[in-house]
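I am opening my notebook on this structure, and I want to write down what I looked up in the order in which I looked.

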Amino acid sequence: MTTATTRHADRRISPVFLGIVAVMAVTGWAVWSDFSAGLGVAVFLFVTSAWVVSLCLHEYAHARTALHGGDISVGEKGYLTLNPLKYTHALLSIVLPVVFVILGGIGLPGGAVFIERGRIRGRWKHSLISAAGPLANVLFAVVCTAPFWLNALDGVPLGFRFALAFLALLQVTAAILNFLPVPGLDGYGVIEPWLSHKIRRQVEPYAPFGLLAVFGVLFIPEVNYAFFDAINAILRGLGVSEAETYCGQDFYRFWQTGGPCESVLNQ
């Protein structure tokens, strides 16, 4: 009886996560109804809280898949509660991704939960555990873009439409960046089980720097332009225009007053 109670507690959704969801819901309503005196502030809070929710779901997907793969320790670590404060690197998993969004509008992934890989048998299971996180971002992107590719935007306020478009951009960038076969990112985790022991040992020292290396490369203008051209092409295929994502980011940066998209709402 005690064991069952403990396991149930390990999987109970954290009040911290529910609080973040509540912020997302309230600010989303504020954006939709334009109740907020400043739309930009509401968009900022809505997109940021929704982005943190997606980060929690990303890490939860890793942990849940690991649980079914054989690592029961994820429950004891609190990963199944969706509490971002339980992550091994809360700074990397939550704070830095939010900073990246504020500074550059990039959905850069954070640090993953700690999985005890020794408990898991089978290369396919290891690959699936690594892939589960970015696949959660893909699903989140599908949900965000659903009104666009379903042509269900009638009656949707422009401010909310722009916020959804920018949030979709963050999810798509997170999914693509996560799937890069760079040490330290999930994409490398997908292929790592299939590499020789020698190659894995040679690559291992570079894993802590993979995320920073990707961020640095994205600062190269030519790479940045090519990357976002690809992102915008994907979003166009999902019915989201570049103008909509641009306006979403424009409102998100509410501290930059007098953005070009404010006049669109007044038309």
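The model is a predicted one, in which local features need pLDDT of at least 70 and side-chain atom pairs count only at pLDDT 80 or more, while totals for chains, interfaces and linings use all residues. Residues are numbered from 1 along each chain as its sequence is written, and side-chain values use heavy atoms, with hydrogens and water left out.

Entry on α6. I looked up helix α6, residues 123–149, and found that it bends by about 35 degrees at Ala132, with a proline, Pro134, following within four residues. Just after α6, I found Asn151 with a positive phi of about 55 degrees.

Entry on salt bridges. I took a salt bridge to be a side-chain nitrogen of Lys or Arg within 4 Å of a carboxyl oxygen of Asp or Glu, and a search of the whole structure gave four of them. One of these joins Asp71 to Arg119, with the closest N and O atoms 3.7 Å apart. Asp71 lies in the loop between α3 and α4 and Arg119 in the loop between α5 and α6, so this pair ties together parts that are 48 residues apart in sequence.

For accessibility I used these cut-offs: buried means under 20% relative accessible area, exposed over 50%, and partly exposed in between (1.4 Å probe, protein chains only). Asp71 counts as buried at 0%, whereas Arg119 counts as partly exposed at 40%. Arg119 also meets Glu116 in a salt bridge of 2.6 Å, N to O, and Glu116 is partly exposed at 25%.

I then turned to Glu244, which forms a salt bridge with Arg161, the closest N and O atoms being 2.5 Å apart. This pair links distant parts of the chain, since Glu244 sits in helix α12 and Arg161 in helix α7, 83 residues apart. Glu244 counts as buried at 6%, while Arg161 counts as partly exposed at 23%. Salt bridges that share partners join Asp71, Lys77, Glu116 and Arg119 into one network.

Entry on Gln256. Where does Gln256 lie? I found Gln256 in the loop between α12 and α13, and it is partly exposed, with a relative accessible area of 42%. The C-alpha atoms of Gln256 and Gly40 are separated by 9.5 Å, although the two residues are 216 residues apart along the chain.

How values were computed
The bend at a residue is the angle between axes fitted to the seven residues ending there and the seven starting there. Helices (H or I, at least four residues) and strands (E, at least two) are DSSP runs, numbered from the N terminus.
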